[in-house]
There are 2 protein chains.
Amino acid sequence: MNIKDIARISGVGISTVSRVINNKGLVSKETRERVLNVVKEYNYIPNSNAQNLKTTQSKNIALMVKGITNPFFANMIREIERQVNLRGYPFLIQQVEDGTDEINAAIQLAKEKNLCGIIFMGGTYNHSEEKFKQLTIPFVLTTITSTQQVDPAIFSSVIINELREAYKATNYLISLGHRNIGFLAKSPLLDETTGNRRYLGYKKALEEQGLPYDAGLVEDCEYSPSSGFNAARKLLNKNKGLTAIFAASDTIAIGAAKAVLTAGLSIPDDISIIGFDGIEMAEYYHPSLDTISQPGTEMALSSVGVLFDLISEQSGNQHIVYDAVLLKRGSCKMITAR
Amino acid sequence: MNIKDIARISGVGISTVSRVINNKGLVSKETRERVLNVVKEYNYIPNSNAQNLKTTQSKNIALMVKGITNPFFANMIREIERQVNLRGYPFLIQQVEDGTDEINAAIQLAKEKNLCGIIFMGGTYNHSEEKFKQLTIPFVLTTITSTQQVDPAIFSSVIINELREAYKATNYLISLGHRNIGFLAKSPLLDETTGNRRYLGYKKALEEQGLPYDAGLVEDCEYSPSSGFNAARKLLNKNKGLTAIFAASDTIAIGAAKAVLTAGLSIPDDISIIGFDGIEMAEYYHPSLDTISQPGTEMALSSVGVLFDLISEQSGNQHIVYDAVLLKRGSCKMITAR
DNA sequence: TTGTAGGCGTTATCAG
DNA sequence: CTGATAACGCCTACAA
């Protein structure tokens with residue numbers, strides 16, 4: 001079943017069918033009706049490969065996600081897909097393996113599927129300006145931004161200020177009287193990763209408040225409960241007088257909380273815990289975990305918005321910075337004399 | 001940059017370039033080398049639209065997921081993608097909106113992208129045999145199976161026996177002495193959904209053990225902590241002498257646990273809770289939640305295996321049924337006289 | 001308002 | 001071994 005068949009069966013020319021399908025050009029009402037009937041009857045679906053090949057300018061939008069299992073991304077992905085579909089654009093999700101270069105993957109994909117836009121979610125910051133320039137179609141970095149070395153004029157982003165929000169979290173703990181605050185995130189913390197930005201916020205807060213930075217209070221871990229659990233247990237075993245933990249994600253925070261509770265300690269009486277992201281699970285943990293909650297849905301929405309502004313050339317590259325919210329649910333407590 | 005350019009620059013014919021790229025047919029070593037260099041230098045990537053258009057038989061594999069935010073699916077998705085990529089096939093994930101017909105979407109996608117195989121994850125059971133027959137390429141239903149009315153010879157599946165496993169969970173609670181066991185899942189429970197299969201298992205266990213079925217103990221809820229929380233709270237407020245809850249998913253179980261704990265009750269001393277799926281979060285909840293753990297990774301692996309067997313025509317349709325495991329972590333307890 | 005024909009970038013079938 | 005050349009299914013001037 002191709003356009004030729006439909007044309008033959010409907011007793012019209014190929015271009016007429018094309019016009020009907022694409023709602024382009026003038027076609028008499030009767031002809032349109034007739035063609036549409038045949039299309040429906042034979043269940044005809046245009047071959048998008050041929051369409052894309054011809055038009056060179058497909059309407060494909062891709063989402064490149066690094067860490068598709070991240071629960072914080074789950075709702076965002078759903079929202080992004082909804083928004084893209086709403087605009088009538090085909091949408092495809094591409095998972096980027098940890099360790100592979102998402103920009104390279106995107107360049108490849110863009111050529112292969114001739115995409116008209118890309119949204120990046122997750123991943124690292126360290127891409128060179130020339131790499132970005134190879135990506136000749138509009139794209140938006142969501143959740144991530146780039147190093148300062150890259151000209152902000154050549155890319156768009158929708159982010160939160162990771163450093164400031166982590167600073168906020170740490171400061172909150174300090175304001176509650178905590179002095180020995182553990183930090184859990186994924187190493188290497190030297191790199192331009194989200195984890196590192198949060199780490200820098202943590203350090204900045206300590207410094208500003210005149211608290212000593214103790215590398216022994218910083219533990220490496222993956223963004224998962226199991227890893228958070230192990231890292232927190234290590235931290236507890238160090239006997240460093242730990243009274244609070246700042247986890248770089250809620251998934252880590254949950255694992256850390258489990259470690260604390262398993263050790264027979266109480267949250268927040270013995271140890272205060274605060275996470276980051278604002279996933280649903282953190283709220284339904286017992287006790288509910290404090291967190292820095294990112295406006296995921298808004299960020300998703302706005303990412304698609306920025307991308308389509310770019311595609312329709314209604315505006316140039318934009319950088320939108322959202323505020324995250326410190327949610328106090330009771331897992332952090334003012335420190336008291338023991 | 002297209003194949004013609006590469007041919008011109010390398011000083012060879014178009015077909016030679018094609019042969020080099022696809023590693024097909026004979027090409028002298030020097031020519032191959034020369035072409036390969038040009039390809040690398042100009043960063044040439046074949047247009048897959050043209051390839052697919054020509055070959056009619058692409059190597060695209062699609063995963064159609066209903067409920068991409070389901071944390072139980074997260075690891076499975078990752079594993080499936082890994083396995084498909086390992087075999088050198090392009091892979092695309094398509095989210096299916098709740099409420100839309102995944103088979104229709106698949107038929108469309110298969111034509112558009114001329115796929116060579118599809119894996120379905122999540123969704124309902126009630127598709128007609130003729131619908132399946134419209135899907136002329138190999139496909140595997142993972143996590144889901146179809147109604148008995150559909151000839152098993154026309155589709156493949158990788159599943160667990162939902163009914164039996166739910167029966168196992170309920171029976172476990174009964175064996176601990178529980179009589180008033182609440183059940184939480186998504187309605188309508190009349191439909192051929194996963195939730196319904198688990199519901200039937202719950203009912204069957206009650207019946208076999210001679211316990212009365214009480215519709216008041218069954219509460220409708222979505223597969224999320226918040227919904228589980230609300231449903232469990234309703235259940236508790238009914239004062240039906242509830243001593244145990246069987247939640248149709250771990251996400252629900254977590255919400256239900258929160259409701260129990262928030263009410264000032266203890267798990268498992270006052271209320272026993274068991275979930276379903278075996279997600280990481282359930283283990284790191286406090287207390288760790290008992291669950292029926294599905295072998296997600298194995299199922300993912302085996303789904304891809306079955307699909308490729310089908311594609312390479314090494315075997316016909318298969319139906320693989322895995323066993324789930326009842327994990328006892330302490331959230332269920334023998335009932336004691338009060 | 002409608003049909004014809006050329007070409008999008010590939011692959012595959014042939015002769016050379 | 002290599003190079004024309006005809007499709008693949010569709011869109012789009014351009015002609016009718």
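Me: What makes H4(B) stand out at the surface near DNA strand C?
Reply: H4(B) gives the most to that surface, with five residues. Helices here are DSSP runs of H or I with at least four residues, strands are runs of E with at least two, and both are numbered from the N terminus. A residue is near a strand if one of its heavy atoms lies within 4 Å of it. In total, 27 residues surround DNA strand C, and the closest are Gly13(A), Arg19(A), Thr31(A), Ile3(B) and Tyr44(B).

Me: Before we go on, what kind of model is this?
Reply: This is a predicted model, where local features need pLDDT of at least 70, side-chain atom pairs count only at pLDDT 80 or more, and totals for chains, interfaces and linings use all residues. Residues are numbered from 1 along each chain as its sequence is written, chains are lettered from A and ligands numbered from 1 in the order in which they are written, and side-chain values use heavy atoms, with hydrogens and water left out.

Me: Why is the pair formed by Thr16(A) and DNA strand C called a polar contact?
Reply: A polar contact is a pair of N or O atoms within 3.5 Å; within protein, one must be able to donate a hydrogen and the other to accept it, and residues adjacent in sequence count only if both atoms are side-chain atoms. A polar side-chain atom of Thr16(A) lies 2.8 Å from a phosphate oxygen of DNA strand C, so the pair passes the 3.5 Å limit. Asn47(B) uses a polar backbone atom instead, 3.1 Å from a phosphate oxygen.

Me: And which contacts are there on DNA strand D?
Reply: Among them is Tyr44(A), with a polar side-chain atom 2.4 Å from a phosphate oxygen of DNA strand D. Ser15(B) has a polar side-chain atom 2.8 Å from a base nitrogen of DNA strand D.

Me: How do you know that the two protein chains are related by a two-fold axis?
Reply: Chain B superposes on chain A by a rotation of 180° with 0.0 Å of shift along its axis, at an RMSD of 0.1 Å. The copies are therefore related as by a two-fold rotation axis. In chain B, the C-alpha nearest the axis belongs to Asn49(B), 2.3 Å from it.

Me: Why is the bond between Ile267(A) and Pro268(A) worth a look?
Reply: Most peptide bonds are trans. Ile267(A) and Pro268(A) are joined by a cis one, with omega about 5°. Pro268(A) is found in the loop between helix H11 (250–262) and strand S9 (272–277) of chain A.

Notes. Least-squares fit on C-alpha atoms with pLDDT ≥ 70 in both.
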